[in-house]
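Please walk through the model below with its sequence alongside. The account moves from a hairpin to a sheet, then to the domains, a loop residue and the ligands.

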Amino acid sequence: MARVYNWQIGRQMSYWYPEARPKKQFAAVFDINKCIACQTCTLACKTTWTSGQGQEYMLWNNVETKPYGSYPLAWDLKLLESLGGQSWRENRYEGQTIFEAAPAGERVLGWKPTSDDYAYPNNGEDDCTGQVDKGAGFSIPHMNWFFYLARICNHCTYPACLAGCPRGSIYKRPDDGIVLLDQGRCRGYQECLRACPYKKSFFNPMVGTGEKCIACFPKIEQGLQPQCFLNCIGKIRLTGFISEPAKASADNPIDYLVHIRKVALPLFPQFGLEPNIYYIPPLHASLPFLNQMFGPGVEAARKTYRSASKDSDLAGLLCLFGSTESIVHRWRREGETVTGMDEKNSTLVRVPLTEPVYIRAAYDPKFQIVRTNCP
Ligand code: SF4
Ligand code: SF4
């Protein structure tokens with residue numbers, strides 16, 4: 001085991017391989033508050049990548065309702081239970097990561113789902129934490145809540161799938177940090193399934209090898225956002241590249257949201273993988289539940305997010321979500337306009353901070369019609 005630094009847990013930790021960060025790290029921010037669980041992302045991925053035999057159950061992108069939903073079944077609960085106590089002292093994780101808690105002779109503390117665990121992708125959908133009395137929904141806040149969690153592979157800085165693979169079939173691309181599985185090397189031992197705490201590596205029984213999310217790398221290489229991002233109805237997603245905290249740059253949209261404003265947080269940072277999909281936590285869910293899920297920064301992140309209506313920079317950047325099919329490498333706000341730029345600083349998109357509203361006249365003399373949808 002090597003000693004590596006994981007900034008998400010604020011300390012060094014043990015990992016199977018030495019630290020080797022890519023030149024650029026693929027990353028993304030998902031704004032949970034905007035997800036409507038339409039599953040368009042799930043289908044965009046499915047129709048693009050997993051239409052072959054043996055891939056029927058593969059959801060490289062899935063959206064589950066928390067607290068009860070999970071795919072595969074109880075993916076998070078099973079690991080949280082076996083990991084034991086997870087305590088933080090301020091921003092430093094004091095418990096064990098899944099690498100440090102690995103049983104003797106194993107590289108990762110993991111578990112392997114059964115085929116039954118993959119049989120209920122919609123379990124818990126739209127179930128909230130308790131009974132909502134008739135009419136209580138109109139008198140928020142009430143004590144019951146749920147939220148939608150969209151998940152893809154996190155293209156982790158310290159991937160457990162990679163550490164767990166005895167064949168060296170999984171690799172992390174040095175150019176963009178995307179984690180890929182070489183099916184030519186894979187012998188179907190399924191150790192990546194066991195090792196990945198997020199259960200985002202799958203096994204194809206028809207082919208006899210593992211398969212996983214590839215972050216739509218053919219699109220990334222052309223400067224385009226992945227399919228599940230491009231098709232997101234709620235415009236909750238922003239693709240980009242993240243820097244290490246000391247190299248964070250305010251004009252990099254991911255750096256700004258994660259490192260500078262700290263409004264977007266990693267999923268289960270205590271597992272120790274330094275995952276690279278970041279979430280703006282939901283405003284109206286239980287704080288202890290969210291602290292376990294996203295670490296100790298939730299309260300501050302929610303406070304910052306709540307202030308966005310009085311914070312033109314933050315509100316402006318949030319307006320860039322879902323505004324272009326290209327990857328926004330840099331951004332700036334000037335007055336009421338937010339601009340997204342590519343790697344060469346060329347303008348990709350301009351978005352107004354306030355959406356203009358046009359009220360059409362009821363009578364249209366050109367077409368000689370009366371519109372019934374006008375005030
Ligand atoms: S989320 Fe799982 S499959 Fe994806 S890189 Fe991390 S460990 Fe590997
Ligand atoms: S497409 Fe967007 S809004 Fe719809 S479920 Fe997926 S992440 Fe949520």
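How many residues lie between β10 and β11 in the hairpin that they form, and which residue in the turn has a positive phi? There are 4 residues between the two strands, and Gly-208 in the turn has a positive phi of about 85 degrees. Before going further, note that this is a predicted model, in which local features need pLDDT of at least 70, side-chain atom pairs count only at pLDDT 80 or more, and totals for chains, interfaces and linings use all residues. Residues are numbered from 1 along each chain as its sequence is written, while chains are lettered from A and ligands numbered from 1 in the order in which they are written.

Helices (H or I, at least four residues) and strands (E, at least two) are DSSP runs numbered from the N terminus, and two strands are said to pair if DSSP finds at least two bridges between them.

Elsewhere, an open sheet of 4 strands runs in the order β12-β3-β14-β13, with mixed pairing. The edges of this sheet are β12 (237-242) and β13 (265-266), each of which has a single partner strand, so one side of each is left without a neighbour in the sheet. The partner β3 (residues 25-31) pairs with β12 in the antiparallel sense over 6 bridges; within this pairing Ala-27 has Gly-240 as its bridge partner, and Gln-25 stands opposite Ile-242. Although β12 is an edge strand, 6 of its 6 residues are buried, with Arg-237, Thr-239 and Phe-241 pointing one way and Leu-238, Gly-240 and Ile-242 the other.

The protein chain is divided into domain 1 (2-294) and domain 2 (311-375), with bounds that come from an automatic or database domain assignment. Taken over C-alpha atoms, the centres of the two domains are separated by 31 Å. Their contact takes 18 residues from domain 1 and 15 residues from domain 2, where contact requires that the C-beta atoms of two residues, placed from the backbone, lie within 7 Å. On the side of domain 1 that touches domain 2, β12 and α7 (253-260) each supply at least two residues, and β12 gives the most, with 4 residues.

Next comes the loop between β13 and β14 (277-280), in which Glu-274 lies. Glu-274 is buried, because 23 other C-beta atoms lie within 10 Å. Its C-alpha atom is separated by 7.7 Å from that of Trp-7, which is 267 residues away along the chain. Not counting residues up to four places away in sequence, Glu-274 touches Asn-6, Gln-8, Cys-156, Thr-157 and Tyr-158.

Finally, the ligands. Of the 14 residues around ligand 1, Cys-153, Cys-156, Pro-159, Cys-161 and Cys-196 come nearest, a residue being near if its C-beta atom, placed from the backbone, lies within 6 Å. Ligand 2 is surrounded by 14 residues, of which Cys-35, Cys-38, Cys-41, Cys-232 and Gly-234 are the closest.

Note on methods. A residue is buried if 20 or more other C-beta atoms lie within 10 Å of its own, exposed if 12 or fewer, and partly exposed in between; C-beta atoms are placed from the backbone.
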